[in-house]
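Biologist: Hey, I've just opened this one and I'm new to it. Could you walk me through what's there?

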Amino acid sequence: MPAQSSVPIEVTVGSDAASVKFASLLFKFVKNYFLLILPAFVVLRFLYRRYASPLRQYPGPFFASGSRLWKTYITWKGQTPFDFIDLHKKYGPIVRIAPNELSFSSPAAAADVFRAGKGFRKTDFYWVFPPPGNPDIFTEIREDVHAQKKRFVVTPYSLAAMNGLASFVDDTEDLLFNKLDGFVKEGKPFDFGAWLHYFAFDVLGEVAFSRKFGFLDAGYDIEGCIKTIDDTQWYDGIVGQIPFLDYFFRRNPLWQYIPGLKTKDAVITRIALQEMEKRKKYGSNQIDRKDLMSQLLVASETAPDKFGVGDVFAVAHGAIFAGSDSTASTMQSFFHLVLSNPNVYKKICDEIDEAQSSGKLGDKITFQEAQQLPYFQAALKEAMRMRPGVGLNITRHVPSAGAEIDGMRYPGGTRVALNGWVLHRDRGVFGEDADIFRPERWLDADEKRIKAMDRSMYQFGGGSHLCIGRNLAIMEMNKVLPQLLREYSFRLAYPGRPLKSNSTFFVVQSGLEVYIGKRR
Ligand code: HEM
C-alpha cells in the first residue's frame, strides 16, 4: 500500500513543481514583454471579432467591426442623427456599427423588428438608465416583467385619461402666453426654445403630480434641473454602449458622494417624492384630480404584489424624463422648420385664420379642433419625420433562434439598430425629395402612399415598446402649437442658422431665438 500511494504523491509534487516553474516563466515573460503583449491581445481580439463573426460580410467603418468603442465614440460626439444618415449614404441599407450590431435604414426592416410576436428584445443599453433598483416601463429590459407592468399603466396613459387633463394644459398655456406678452413688449429677440422647454416640463408636472415644477414662473432652469436631466441622459447614452462600465461609475457606491450627482437632490425627484408621500398619507382618493400618479396608485391598489408603490413612483417619475426633452425638442423642430419656410408659415397662419373666422376654433384650441387644420397637421407630422425627438438608434436583440429581417436571416443575439432620422428619409417610401421639409407630401399623395408613409413613421418607436406617452405629447402639441400661431407672429432672429443639437438619446436642442409680435 505505501509503495502504491507514493507514486501519485511523487507525480503531484513533480507536476506542482512544473506548474510553479511554468507560472513563474509566464509571469517573467508577461512582465518583460507587457508592452508588446497587451497591444497584441487587443489587436488579436479586434481581428477575431471582426473576421470570426457571422456579420463579417456587412460593410461599415473599419473600427466599428472589431470594437464597441467606435459606437461609444460616435454617441459621445452627440451627432448620431446626422452621422447615421451619412453612414447609410456611404455604406448602404445595412451597416455594421459594432462587432455584433447592424444598423438598418429601411422601414421594412423596422416593421419586421417591431412586429408583435417576433420576439425581438430590448438590449442591455436600457439597463444603464436609472433607477437601477426598480426599473420603470422605459428602462425595464425583461420583456415579461415589462408586459406585466405595462398592463397597469395603459389606462392612466390612455387618450381618454389625457383628454381629462387637457384643462391643465390650458392653465399652463396661459402662463406661457403671459410670459410671451412680456417679450412682445420688449421687442427684442429671446430664446423661445427655452420657453417651450419650460412649458413641456410644467405640463408634465401638472399631468403627473397636479403641480407645476415652476420653470415658467421662474423663467429659468431652476437649480439646473433640466441640465441635470440632460447630463444624466448624456451619461446613459454613452455608457449604455458598454453597460458594464456603469459599475465603475454610477453603480459605484462612491458615486453618490460626488456633489450634484445624487438624483434625490434634483427638484423633480424631490417633488415626485413629496407628492408620493402626500398620497400615501391621505390616500389617492383625496387628490381631487385624476393625475397620472393618482391613477397609477389606483391601478396599484388592484394588485399591489404585481404593481407596487415603488412601480407607481418609478413610472410617474420616469414620465418626466421620457416626456420632457422629447416633446420640447419636437416643438422646437416644428417652429424652426416652419419659420425657416415662409410659404409653409403663411399657409398654416392662413388656415388657422380661416378656421377662426368661420367659428371652428374656440377661445382655447382643443385637440379635436386642431384636427380640422389639415395643413397644420401635415406640417407637424412632417416636422416629426424630419427631426424625430429620439436621435440615437433604438436597439433590439434578434431572438435566440434567429429571425428574418427584410427578407434576410440573422443569427440569434445579433443587435439591430434603427434610427428614426434614417428610416424617415427612405426615398422608396417618402419620395425622392425625402431630405426636404415639405408638408404637402402628406396632402398631395394618394391614399395608398400616405398609408405607407404613416406606417413608416417611427418617431414614437414601435411594437411592444411604442411610446406610451404619445397621447399626451400629441394632445399637448395639438393644443399649444396652433394657439401660439394664432396669437403671435414669429420671426427667426438668425434666419438660416440651424438649431444646435446634441443627442445621446433624445435630441436636446438650443438656438431657437425669435422676435415675437401679437397677431390679435
Ligand atoms: C414628442 C414627444 C415624444 C417622443 C418623440 C417620444 C419618443 C419615444 C420613443 C421613440 C420611444 C421608444 C423607445 C424605445 O423603444 O427604446 C418612447 C418610449 C416611451 N415614452 Fe415617449 N416620446 C415622447 C413623449 C413621451 C411622453 C410625453 C411620455 C410620458 C408622459 C413618454 C413616455 C414614454 C415611455 C414610458 C416609454 C417606454 C414605453 C415602453 O417601453 O413600453 N414619451 N418614446
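Predicted model: local features only at pLDDT ≥ 70, side-chain atom pairs only at ≥ 80, totals over all residues.

Biologist: OK, what does UniProt put at residues 29-48?

Modeller: The UniProt record, an unreviewed entry, annotates residues 29-48 as "transmembrane region". In the model, that stretch is 100% helix and 0% strand. The C-alpha atoms at its ends are 24 Å apart.

Biologist: How many bridges hold strand 4 to strand 12?

Modeller: Two bridges, with strand 12 covering residues 513-518. D191 has E513 of strand 12 as its bridge partner.

Biologist: Switching to the inside: how many residues are in the largest nonpolar core?

Modeller: That core has 104 residues. Among those with the most contacts inside it are L180, F192, F335 and F490.

Biologist: Which residues does F192 touch, skipping its neighbours within four places in sequence?

Modeller: F192 is in contact with L180, F335, L484, F490, L512 and V514. There's also a second, separate core of 26 residues, which includes V113, L423, F505 and F506.

Biologist: New topic, strand 2. What does strand 2 pair with?

Modeller: Strand 1 (residues 94-98) pairs with strand 2 in the antiparallel sense over four bridges. The two form a hairpin with two residues between them, and A98 stands opposite E101. Strand 2 also pairs with strand 8 (residues 415-418), this time in the parallel sense over four bridges. There, L102 has V416 as its bridge partner.

Biologist: Which way do the side chains of strand 2 point?

Modeller: E101 and S103 point one way, L102 and F104 the other, and all of them are buried.

Biologist: Which residue does E101 meet in a salt bridge?

Modeller: R68, at 3.0 Å from N to O. This pair links distant parts of the chain, with E101 in strand 2 and R68 in the loop between helix 1 (2-51) and helix 2 (69-77), 33 residues apart. Both E101 and R68 are buried.

Biologist: How many salt bridges does the count come to?

Modeller: The count comes to 38. E432 and R427 form one of them, at 3.7 Å.

Biologist: Is E432 buried or exposed?

Modeller: E432 has 63% relative accessibility, so it counts as exposed. R427 is partly exposed, with a relative accessible area of 36%.

Biologist: What about R441 and D433?

Modeller: Their side chains meet in a salt bridge at 2.8 Å, N to O. R441 is buried, with a relative accessible area of 3%, while D433 is partly exposed at 25%. Salt bridges with shared partners join E382, R385, D433, R438, R441 and D444 into one network.

Methods
Residues numbered from 1 in each chain as written. Heavy atoms only, no water. Core = buried A, V, L, I, M, F, W, Y, C linked by side-chain atoms within 4.5 Å. Buried < 20%, exposed > 50% of the residue type's maximum accessible area, 1.4 Å probe, protein only. Contact = heavy atoms within 4.5 Å. UniProt positions renumbered as here; feature names shortened; annotations may be inferred. Pairing = 2+ DSSP bridges. Salt bridge = Lys/Arg side-chain N within 4 Å of Asp/Glu carboxyl O.
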